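Hello,

Here is the structure I promised to pass on. Please have a look, then read my notes below.

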Amino acid sequence: MANWSGQGVDIPFTACGDLDSAQYRFVEAASAAGRIEQATGGSNPYPLGILQNDPRSLDAAAVRVAGTSILKVNATTAVLYGDFLTSNSVGMGIKTTIASEAYHAIALEEVASGSNIEIKVLLKHGPII
């Protein structure tokens with residue numbers, strides 16, 4: 001699956017800190033303009049998108065903001081095709097079913113359980129209705 005990159009819109013940012021272990025995780029805006037950091041979920045529930053490369057501090061960071069991508073997920077419960085995903089505290093996708101909670105991706109693959117598992121997703125933001 002690592003060879004599948006999907007198609008979409010990537011925007012260039014600058015990594016605020018080492019993000020070499022955050023590839024295919026959600027990222028959010030950092031405090032400095034034009035910089036991104038690994039998403040933290042609950043404290044900032046609106047990630048910009050999914051990091052496509054593995055930049056070191058102050059390197060160029062490609063962030064997928066629309067289209068399809070790989071996303072690392074933490075499947076404490078099974079993730080099914082079509083499930084809504086949001087960010088956990090370390091930028092991994094987690095399943096959400098809570099009404100009015102924001103989601104940031106839709107699963108295009110299934111995973112029974114596990115952490116740091118890569119799946120294909122569609123980037124899409126909205127509230128669960």
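**Strands, cores and one buried aspartate**

β8 and β9 run antiparallel, and five bridges join them. The two strands form a hairpin, with six residues between them. Within this pairing, A107 stands opposite V121 of β9. Please keep in mind that this is a predicted model.

β9 also pairs with β5. Nine bridges link these two strands, again in antiparallel fashion.

Now the cores. The largest nonpolar core has 14 residues. L71, V79, L85, I119 and V121 have the most contacts inside it. Two or more residues come from each of β5 (60-75), β8 (102-107) and β9 (114-127). Another core, of nine residues, lies apart from it; A15, A22, V27 and I36 are among them.

V121 deserves a click. Leaving aside neighbours within four places in sequence, V121 is in contact with I50, G67, T68, S69, L71, L85, A105, I106, A107 and L108.

Then turn to D83. This residue is in the loop between β5 and β6 (84-87). Is D83 buried or exposed? D83 counts as buried, because its relative accessibility is 14% and the cut-off for buried is under 20%. What does the side chain of D83 join through a polar contact? The partner is the side chain of K95, at 3.3 Å. Not counting residues up to four places away in sequence, D83 touches A78, K95, A105, I106 and A107.

Best wishes

Key: Residues are numbered from 1 along each chain as its sequence is written. This is a predicted model: local features need pLDDT of at least 70, side-chain atom pairs count only at pLDDT 80 or more; totals for chains, interfaces and linings use all residues. Side-chain values use heavy atoms; hydrogens and water are left out. A nonpolar core is a set of buried Ala, Val, Leu, Ile, Met, Phe, Trp, Tyr and Cys residues joined through side-chain atoms within 4.5 Å. Buried means under 20% relative accessible area, exposed over 50%, partly exposed in between (1.4 Å probe, protein chains only). Helices (H or I, at least four residues) and strands (E, at least two) are DSSP runs, numbered from the N terminus. Contact means heavy atoms within 4.5 Å. Two strands pair if DSSP finds at least two bridges between them. A polar contact is a pair of N or O atoms within 3.5 Å; within protein, one must be able to donate a hydrogen and the other to accept it, and residues adjacent in sequence count only if both atoms are side-chain atoms.
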